Amino acid sequence: MEAPEKSVVGPLVGAVVQGTNSSRFLVFDSKTAELLSHHQVELTPEYPKEGWVEQDPKEILQSVYECIERTCEKLNELGIEISNIKAIGVSNQRETTLIWDKLTGEPLYNAVVWLDVRTQSTVENLSKKIPGNNNFVKSKTGLPLSTYFSAVKLRWLLDNVRNVQKAVEEGRALFGTIDSWLIWNMTGGVNEGIHCTDVTNASRTMLFNIHSLEWDKDLCDFFEIPLNILPNVQSCSEIYGLMKAGTLEGVPISGCLGDQSAALVGQMCFQEGQAKNTYGTGCFLLCNTGRKCVFSEHGLLTTVAYKLGRDKPIVYALEGSVAIAGAVIRWLKDNLGIIKTAEEIEKLAKEVGTSYGCYFIPAFSGLYAPYWDPSARGIICGLTQFTNKSHIAFAALEAVCFQTREILDAMNHDCGIPLSHLQVDGKMTNNKILMQLQADILHIPVIKPSMPETTALGVAMAAGAAEGVDIWSLKPEDLSPVLMERVEPQIKATESEIRYSVWKKAVMKSMGWFTTKSTENGDSAGIFSSLPLGFFIVSSVMILIGARYVSDIP
């Protein structure tokens, strides 16, 4: 068979996007921002106990290597020279926590995923150590003390996993979020791999001072985390090291951004006040606040948006984080079997066009912004005999939109200027019913790019723009225009408000369901474990007396 004629394209940039449910590698033309090829490998998180969510670090790494090799094969089939790939960027699920042995390269425990809530009692114990009038953790990090962030997951590992304790004592342990694990391995691993992270991922650990842009000794002392296991913090756009294996050996890794920051860059939100909402496993609304930290009074996070070069300024963002968005679709598929594929939910919802008064609060990991209530749990309410799986499917889509409305309202209050439209991205934006519901519930237009892979695009831009690579200009006049699709609201504002007010009522019903006893040890408490001991004993005695009385009746 004749080899395909090689196509002439501009310098190319590869982007690793490592997410909760999949790994991907995508290749862009740096001159046109055109997506040329990609490959994806699905991943399945593990749920060893109630509230625990883990992933196999080696499976994650292998999936990334597989994506890179398969994408390169596809490029060859298209007649595109692999040697045109001049840089690689890494974007990742944030907060997910790993510890590995720097001498063997072996993980010392599974990756503890950002959704994991096993650390709730750790959080409660730590919160007692924070003075009520001086929340230095939040003032230094912009984050509330929560199971969501890396420091408490790391603390749990140090307290509960002997392998981790021993490796730390012997100076063999390295900590990192997913980006650190990938870059360390891709740049050589045990053979002088680079142990680093970028400012966006560091800002989600709760150990990083977002003002001084360095690991904070006071925070490390508070969480009792040794500084020597932490990665070096660098900008989002610089050469960290070279690929040391595979088809792309020798290519510089020169971009690193947490997934939500990457999407902000990919949506070209470079101006103060610009915002985007990404619909993935969770839902994340980020608003660029420029060079100043804006602290929220309405439950939002203050975080690092990006720093696109060693000598470039730091840019901050306000963030509204929702734990469960696309994950609710996966739950309907895997746990309830209502749908066989994620795409089927649109068809089901379309059949009824309404939830018929059914409301779904998917608080599987508690509630994130704006409530930050770890005691909340998922509920479906407003059910009648008429309710069927199509209504529940519709309610699940509405839930994603209502949660976005809550964090958008909080952002509007904090910023003082309501958003006139919402820029969106992520795989779920392909669902037309979801996008129409979102416009209706927000009562503002929703704008989505024709190319939804903005996370990959953002980290590719950062990698291509790095000093020493210099193949992707980030000057406004050089940025490629992006085709957008606009979805307008189609219902009256009064109807939107009525539906939203009932949603808020349902949210209140989801709170206070959970006590922290079971999350740390994973025990499934029986029904009697929630009753006072005295009541249980008295009830048991009464049952015995009643049984004897009944047995004496002729």
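Which residues in α11 meet which residues in α12? The legends below take this contact first.

**View 1. Contact of helix α11 with helix α12.** I345, L348, A349, E351 and V352 in α11 meet K389, S390, H391, A393, F394, A396 and L397 in α12; contact means heavy atoms within 4.5 Å. The model is predicted: local features need pLDDT of at least 70, side-chain atom pairs count only at pLDDT 80 or more, and totals for chains, interfaces and linings use all residues. Residues are numbered from 1 along each chain as its sequence is written, and side-chain values use heavy atoms, with hydrogens and water left out. Helix α11 covers residues 344–352 and helix α12 residues 389–415; helices (H or I, at least four residues) and strands (E, at least two) are DSSP runs, numbered from the N terminus. The two axes come within 8 Å and cross at roughly 110 degrees. Axes are lines fitted to C-alpha atoms, for helices over the stretch in contact, and angles run from 0 to 180 degrees between N-to-C directions. α11 and α12 are therefore roughly perpendicular to each other (under 35 degrees counts as roughly parallel, over 145 as roughly antiparallel, 65 to 115 as roughly perpendicular and the rest as oblique). By class, this contact of α11 with α12 has eight nonpolar, two polar and two charged residues (Ala, Val, Leu, Ile, Met, Phe, Trp, Tyr, Cys and Pro count as nonpolar, Asp, Glu, Lys and Arg as charged, and the others, Gly among them, as polar).

**View 2. Contact of helix α1 with helix α6.** Helix α1 (residues 57–77) and helix α6 (residues 178–186) have axes 11 Å apart and pack at an angle of about 60 degrees. They are therefore oblique to each other. On the α1 side the contact is made by P57, K58, I60, L61, V64, Y65 and I68, and on the α6 side by I178, W181, L182, N185 and M186. Ten of these residues are nonpolar, one is polar and one is charged.

**View 3. Two aromatic pairs.** Rings of Phe, Tyr and Trp (its six-membered ring) pair if their centres lie within 6.5 Å; planes under 30 degrees apart count as stacked, over 60 as edge-to-face and the rest as tilted. By this rule the count comes to 22 aromatic pairs. One of them joins W100 and W184, a tilted pair at 5.6 Å centre to centre with 50 degrees between the planes. W100 is in strand β6 (residues 98–101) and W184 in helix α6, 84 residues apart, so the pair links distant parts of the chain. W100 is buried at 0% relative accessible area, and W184 is buried at 3% (buried means under 20% relative accessible area, exposed over 50%, partly exposed in between; 1.4 Å probe, protein chains only). The rings of F208 and W215 have centres 5.8 Å apart and planes at 80 degrees, so this pair is edge-to-face. F208 is buried at 1%, as is W215 at 16%.

**View 4. An aromatic cluster.** W114, Y148, F149, F284, Y368 and W372 are linked into a cluster by ring pairs.

View 5. Most residues other than glycine have a negative phi, and most peptide bonds are trans. E95, which is not a glycine, has a positive phi of about 70 degrees. E95 is found in the loop between β5 (85–92) and β6 and is buried, with a relative accessible area of 2%. E192 also has a positive phi, near 65 degrees. E192 lies in the loop between α6 and β9 (196–198) and is exposed, at 71%. A cis peptide bond, with omega about 0 degrees, joins A369 and P370. P370 is found in the loop between β19 (359–361) and β20 (379–381).
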